[in-house]
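Here are a few notes to read alongside the model, written for someone meeting it for the first time. Have the structure open and follow the points in order.

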Amino acid sequence: MSEKTKKEDDSIEFEELEKEETAAAKTNPPKVSKPVKKEQLAKITQEENIPASTKELANSIHRGSTLDEKRMAAVQMIQSGLLPNTLATIDQLDDPETRDKAIGGVIAIIEYGREINITPWIALNGMHVVQGKVVMGIHMYMGLALKNNILVDVIEDYKKIYSATDKTKLVDIQTTVEITRKHAEFGGLVKVYKFSKRWSEITKAGLDGRDNYKKRPILMLRTRCITEALRLYAADIFMGTYETSEMIDVTDSSYTLDDDGNVLSRG
């Protein structure tokens with residue numbers, strides 16, 4: 001068989017094969033996936049992929065590969081009603097103006113917590129968003145310090161300071177903390193730092209007239225002393241993160257505290 005004849009036969013076979021495939025395609029057309037509506041996607045995610053408990057939901061945000069998946073998990077957490085009211089409430093989901101803010105706040109706190117080695121569930125119960133910044137409560141400050149082998153001792157608590165010439169004249173009030181830290185990066189060097197905060201600094205900042213400073217002056221001075229000391233001597237751990245009431249103080253908002261210094265609500 002000549003080379004020309006062979007090429008012609010191959011061409012005929014190819015054309016016949018192409019006709020058969022075309023006919024088969026018409027008889028059994030390929031299935032085209034219909035676009036999944038957002039509502040359907042949310043339902044599927046809720047029923048199949050999103051865990052049931054709030055703790056599992058918090059951890060599942062890390063596994064979300066898209067922002068939509070993270071948002072869906074955040075909505076489920078808010079709807080559980082188990083998050084602090086100072087972070088997000090179920091009612092906020094009904095208002096378009098507050099919905100995105102609440103969802104974004106939950107995601108931001110979990111992601112921020114991960115950056116400073118705080119697990120999602122702990123972050124959600126101890127961190128807040130104030131003035132667009134993620135902040136943490138005083139107890140989380142102390143917990144993060146201990147977690148990193150930093151000891152915080154209050155060695156002077158609301159100590160009254162009198163004039164050197166007149167022992168009856170009160171000139172200031174001072175709280176002092178002692179920070180003991182072992183620096184692994186410097187061969188295990190142990191350093192002890194002392195830091196003091198005076199009431200005159202509170203007055204200069206114009207905070208002494210605020211309700212919480214009037215009701216709980218000892219607690220507020222102690223909290224300010226501890227957080228400022230840790231931001232100064234453990235900057236690599238706290239990365240400039242402010243304490244919750246500290247950040248609220250720079251706004252005109254009011255807030256209430258419990259006896260331990262936790263922010264219960266804010267205006």
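1. A cut-off to start with: a residue counts as exposed when its relative accessible area is over 50%, as buried when that area is under 20%, and as partly exposed in between. Asparagine 149 comes out at 58% relative accessibility, so it belongs with the exposed residues. Bear in mind throughout that this is a predicted model.

2. Staying with asparagine 149, where does it sit? You'll find asparagine 149 in the loop between α7 (138–147) and β3 (150–162). Its phi is positive, about 60°, even though the residue is not a glycine.

3. Is glutamine 131 buried or exposed? Its relative accessible area is 59%, so it counts as exposed.

4. Now for the strands on either side of that loop. β1 (residues 127–130) and β2 (residues 133–136) run antiparallel to each other and pair over 4 bridges. Together the strands make a hairpin, with 2 residues between them, and glutamine 131 is in the turn.

5. Next, helix α5, which covers residues 96–115.

6. Have a look at both ends of α5. Just past the helix, asparagine 117 has a positive phi of about 65°.

7. Which residues of α5 are buried? They are Ala102, Ile103, Gly105, Val106, Ile107, Ile109, Ile110, Glu111 and Gly113.

8. On to the largest pocket, which holds about 460 Å³ of space. Its lining is made of 21 residues, and Thr86, Leu87, Lys101, Val129 and Arg266 are the ones nearest its centre. Two or more lining residues come from each of α5, β1 and β7 (263–266). Of the elements, α5 gives the most, with 4 residues. What is the lining like in terms of residue type? It divides into 12 polar, 7 nonpolar and 2 charged residues.

9. Isoleucine 138 is part of helix α7, and with 6% relative accessibility it counts as buried. Isoleucine 138 and glutamate 243 are 105 residues apart along the chain, yet their C-alpha atoms are separated by 6.2 Å.

10. The second pairing involves valine 154, in strand β3. Its relative accessibility is 35%, so valine 154 counts as partly exposed. The C-alpha atom of valine 154 is 4.3 Å from that of valine 177, and 23 residues separate the two along the chain.

Technical notes: Residues are numbered from 1 along each chain as its sequence is written. This is a predicted model: local features need pLDDT of at least 70, side-chain atom pairs count only at pLDDT 80 or more; totals for chains, interfaces and linings use all residues. Side-chain values use heavy atoms; hydrogens and water are left out. The expected span of a helix is 1.5 Å times one less than its number of residues. Buried means under 20% relative accessible area, exposed over 50%, partly exposed in between (1.4 Å probe, protein chains only). Two strands pair if DSSP finds at least two bridges between them. On a 1 Å grid over the protein atoms alone, a cavity is a set of points where a 1.4 Å probe fits but cannot get out, and a pocket is an open set with protein on both sides within 12 Å along at least five of seven lines; lining residues have an atom within 4 Å of a point. Grid points are joined across faces, edges and corners, and a volume is the space filled by probe spheres set on the points. Ala, Val, Leu, Ile, Met, Phe, Trp, Tyr, Cys and Pro count as nonpolar, Asp, Glu, Lys and Arg as charged, and the others, Gly among them, as polar.
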